[in-house]
Amino acid sequence: MSILTLFVVIPALMLLGLWLAKNLNQVRGVMVAGSSCLLALSIWLTIYFVQQRAAGNSAEMLLTYSTPWFAPLNIAYSVGVDGISVVMLLLSSIIVFTGTFASWQLKPLTKEYFLWFTLLSTGVFGFFICTDLFTMFMFYEVALIPMYLLIGVWGSGAKEYAAMKLTLMLMGGSALLIIGILGIYYFSGATTMNVNEIAAMHNIPVEIQKVFFPFIFIGFGVLGAMFPFHTWSPDGHASAPTAVSMLHAGVLMKLGGYGCFRVAMYLLPEAAQELSWIFLILTTISVVYGALSACVQTDLKYINAYSSVSHCGLVLFALLMMTNTACTGAILQMLSHGLMTALFFALIGMIYGRTHTRDVRKLGGLMKIMPFLGVGYVIAGLANLGLPGFSGFAAEMTIFVGSFANNDTFHRACTIIACTSIVATAVFILRTVGKILYQKVADPHYEELTDATWDERVAVICLIACVAGLGLFPLWASNVISDAVGPILSIVNPAFANI
C-alpha cells in the first residue's frame with residue numbers, strides 16, 4: 001500500500017471523528033489535527049520529491065501502487081505522483097489547513113459544515129493522487145457534490161440559485177467527461193484505465209481523438225471557468241462561505257487545468273495539436289474578459305471571482321501553448337493563484353463578517369480601523385497584479401515568456417492580447433484597495449469594529465508566507481514541475497518538450 005493512500009485515509013478518519021464529536025471544541029480539535037497531519041504529509045512528500053530530483057528520479061511517477069477494484073471493466077485503485085501532483089497536494093493541504101482557521105467562528109451547524117468540507121477535501125486529494133481514469137472521475141464527483149450543500153445551506157445572498165447553477169453546470173461538464181473517458185478506454189483497446197499505460201500505448205486513431213478531445217477538454221474546462229462556460233463561477237464564489245470560496249477557487253478549479261493537461265492533452269495528443277487553436281481563442285477571451293469584468297464590479301467577492309476567471313483562463317491558455325516553459329508556468333500559476341485567491345477570499349470574508357457588506361461603495365477607511373486585515377489585503381492585491389517578489393510575478397512571467405516561444409503569428413498575437421489583462425488587473429486592484437482602505441471612513445459605526453482575531457491571523461499569516469515564499473524562491477517548484485511536464489510534452493508536442 002502506497003503512503004499516498006494516507007491522503008484519503010486521513011480525511012476519512014476526520015469524517016469519522018467529526019461524526020463522533022460531541023461539542024464544538026471536539027469538532028475544532030478534529031479539524032486542526034487532521035488538517036495538520038495532511039499539511040505535514042504534503043510537506044514531507046514535497047521534500048522527498050525534491051530529494052528524488054537531486055538523485056535524478058523526479059521525471060518518473062513515484063510511490064506508485066495499483067490493485068484491482070472492478071476487474072470486468074479493468075478498473076483499479078492506482079495511485080502515483082509526479083511533480084505536478086506533488087505541488088497540487090501541497091496547495092490543497094495548505095488551503096484545507098488555513099480554511100479550518102478561517103471557519104473557526106462559523107455557526108450554525110458547525111459540525112455538519114466541517115463534515116461536508118472534509119468530504120470535498122477527500123475528493124480533491126483523491127483526484128490528485130489517482131492515475132486510473134475511472135477512480136479519478138469518482139473522486140472528481142466526490143469533490144463536486146458537497147458544493148451544493150455548502151453553498152445552499154451556509155452561503156449568503158442568492159445562495160440557492162448559485163448552488164443550483166453551479167451544480168447543474170459542473171454536472172453537465174461531468175457528463176461530457178464520462179463520454180470522453182469511455183471513448184478513450186474503448187477505442188484505445190487498452191486492458192487498463194491507467195492514464196500512463198494508455199498514453200504509452202498511443203494507439204487511438206487521430207479521427208477518434210478529434211471526436212473525444214472536445215468532450216474531455218470542455219468537461220474539465222467548465223470547472224476551470226473557461227469562456228463561455230464560466231458563468232457559474234462568479235455566482236458560486238459570491239454566495240459561498242469564506243472557507244468554501246477559499247477551497248473552491250484555490251483548489252477545486254485547479255482540477256480543471258490538471259485534468260485538461262493530464263487527461264485530454266496527454267491521452268489525445270494529435271487532437272490537442274489540431275484543435276488547440278479553437279480553445280486557445282476561448283482561453284484568450286477568458287483571460288481578457290475576466291480581468292475587464294472585474295474592473296466594473298462593486299462586490300468584493302465578484303471582483304475576485306472574475307479575477308479568478310482571468311487567472312484560471314491563463315492556466316489553460318498556457319497549457320495550450322504546449323511549450324515546456326509555458327506549461328511549467330501554467331502549473332506554477334495554479335499553485336500561485338490558489339494561494340493568492342484563498343488569501344483574498346479569507347480577507348473578504350473577515351471584512352464582511354465585521355462590516356456586513358461587500359459593496360466597495362459602502363466601504364472606506366478600513367486601514368485605520370483594522371490595520372492587520374488592511375495590510376493583508378494590500379499584500380494580496382500586490383501579489384494578484386504580479387508585483388515582483390510575490391508568486392504571481394514568477395508564474396505569469398514564465399507563462400508569457402514560454403508562450404512567446406511559439407514563433408508563429410497566431411500564438412504570439414494571442415500572447416500579446418493576453419498580456420493586456422495585466423493592465424486591467426492593476427486597475428481594479430489599485431482602485432479597490434484605494435477605495436476600501438484609504439478613503440475616509442464610510443460609516444461611523446465602522447470605528448467600533450475590531451481587527452483580526454488570533455484564528456484569523458493564523459490563516460492570513462500562513463497564506464502570506466506561502467505567497468511571498470513562492471515569489472522569492474520559485475526555482476524549486478519550477479524545477480520539480482518542469483521535470484514532470486517534460487515527459488507529457490514529449491508525447492503531446494515533442495518539438496517543444498524542452499523549450
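Which residue in strand 2 is the bridge partner of Leu-62?

Author: The bridge partner of Leu-62 in strand 2 is Val-81. The model is a predicted one, in which local features require pLDDT of at least 70, side-chain atom pairs count only at pLDDT 80 or more, and totals for chains, interfaces and linings use all residues. Residues are numbered from 1 along each chain as its sequence is written, and side-chain values use heavy atoms, with hydrogens and water left out.

Strand 1 (residues 62-70) and strand 2 run antiparallel and are joined by six bridges; strands are said to pair if DSSP finds at least two bridges between them. Helices (H or I, at least four residues) and strands (E, at least two) are DSSP runs, numbered from the N terminus. The two strands form a hairpin with four residues between them, and Asn-74 in the turn has a positive phi of about 55 degrees. Strand 2 (residues 75-81) is mostly covered, with seven of its seven residues buried (under 20% relative accessible area, 1.4 Å probe, protein chains only). On one side lie Ile-75, Tyr-77, Val-79 and Val-81, and on the other Ala-76, Ser-78 and Gly-80, all buried.

Turning to the helices, the axes of helix 3 (residues 83-102) and helix 15 (residues 324-355) come within 10 Å and cross at roughly 5 degrees. Helix 3 is therefore roughly parallel to helix 15 (angles under 35 degrees count as roughly parallel, over 145 as roughly antiparallel). Axes are lines fitted to C-alpha atoms over the stretch in contact, with angles from 0 to 180 degrees between N-to-C directions.

The axes of helix 17 (residues 371-384) and helix 20 (residues 421-438) come within 9 Å and cross at roughly 170 degrees. Helix 17 is therefore roughly antiparallel to helix 20. The residues in contact include Tyr-377 of helix 17 and Ile-429 of helix 20.

Note on methods:
Parallel < 35°, antiparallel > 145°, perpendicular 65-115°, else oblique. Buried < 20%, exposed > 50% of the residue type's maximum accessible area, 1.4 Å probe, protein only. Contact = heavy atoms within 4.5 Å.
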